[in-house]
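Hi there,

Here is the structure I promised to pass on. Have a look at it first, and my notes on what turned up follow below.

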Amino acid sequence: MAVTVVLLTVVSVRAHAQDVRRDDRPPAAAPAPKLTKPPQILESAEPEYPAEAAQAGLAADVTVRVGIDDKATPTRAEVVTPVGHGFDEAAIAAALRYRFSPAELDGKPAAITIELTIHFVLVLAPPADTSRP
């Protein structure tokens, strides 16, 4: 008669939450990109003076937020605080015609958003000299 002996080993482990070692420090974040060269305006565009505003003798300063891609091309523009009377639309149209040098982040050309202010000043033509015969 053959007898088979089975040896069974049971290991019991208890784990408690307080036994787990925690690293309370958050993982290190990647450093934020550094602006190494801001875009420069190479050529501004003269805005078209709104006819309604010119007839009313109005002037305005319009701040425009301009998105510039990594090749320095303006891709979008929006007015920060609208002033109305056609100035907003004229400022956007002019801002999209500006030419810039590329911005650089960490020494590499990069897309960026800037704000610029376009000044609308009504210049009246001097009166004609009628003193000469």
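**Salt bridges and ring pairs**

Glutamate 115 has a relative accessibility of 48%, so this residue counts as partly exposed (buried is under 20% relative accessible area, exposed over 50%, partly exposed in between, with a 1.4 Å probe and protein chains only). Before going on, please note that this is a predicted model, in which local features need pLDDT of at least 70 and side-chain atom pairs count only at pLDDT 80 or more, while totals for chains, interfaces and linings use all residues. Residues are numbered from 1 along each chain as its sequence is written, and side-chain values use heavy atoms, with hydrogens and water left out.

Which residue does glutamate 115 meet in a salt bridge? Its partner is arginine 65, at 2.9 Å from N to O (a salt bridge is a side-chain nitrogen of Lys or Arg within 4 Å of a carboxyl oxygen of Asp or Glu). Arginine 65 sits in strand S3 and glutamate 115 in strand S8, so the bridge ties together parts that are 50 residues apart in sequence (strands are DSSP runs of E, at least two residues, and helices are runs of H or I, at least four, both numbered from the N terminus).

Arginine 65 also forms a salt bridge with glutamate 78, at 3.1 Å. Here the link runs from strand S4 (residues 74-79) to strand S3 (residues 60-68), with the two residues 13 apart. Together, Arg65, Glu78 and Glu115 make up a network of salt bridges. Arginine 65 is partly exposed at 30%, and glutamate 78 is partly exposed at 43%.

The whole structure holds 4 salt bridges. Among them is the one between arginine 99 and glutamate 43, at 3.1 Å from N to O. Because arginine 99 lies in strand S5 (residues 99-100) and glutamate 43 in strand S2, this pair joins parts 56 residues apart in sequence.

Now for the rings: the search finds 4 aromatic pairs (ring centres of Phe, Tyr or Trp, the last by its six-membered ring, lie within 6.5 Å; planes under 30 degrees apart are stacked, over 60 edge-to-face, the rest tilted). One of them is tyrosine 49 with phenylalanine 87, edge-to-face at 5.7 Å and 80 degrees. Tyrosine 49 is in the loop between strand S2 (41-43) and helix H1 (51-56) and phenylalanine 87 in helix H2 (residues 87-95), so parts 38 residues apart are tied together. Tyrosine 49 pairs edge-to-face with phenylalanine 120 too, at 5.9 Å and 80 degrees. Phenylalanine 87 is buried at 1%, as is phenylalanine 120 at 2%.

Best wishes
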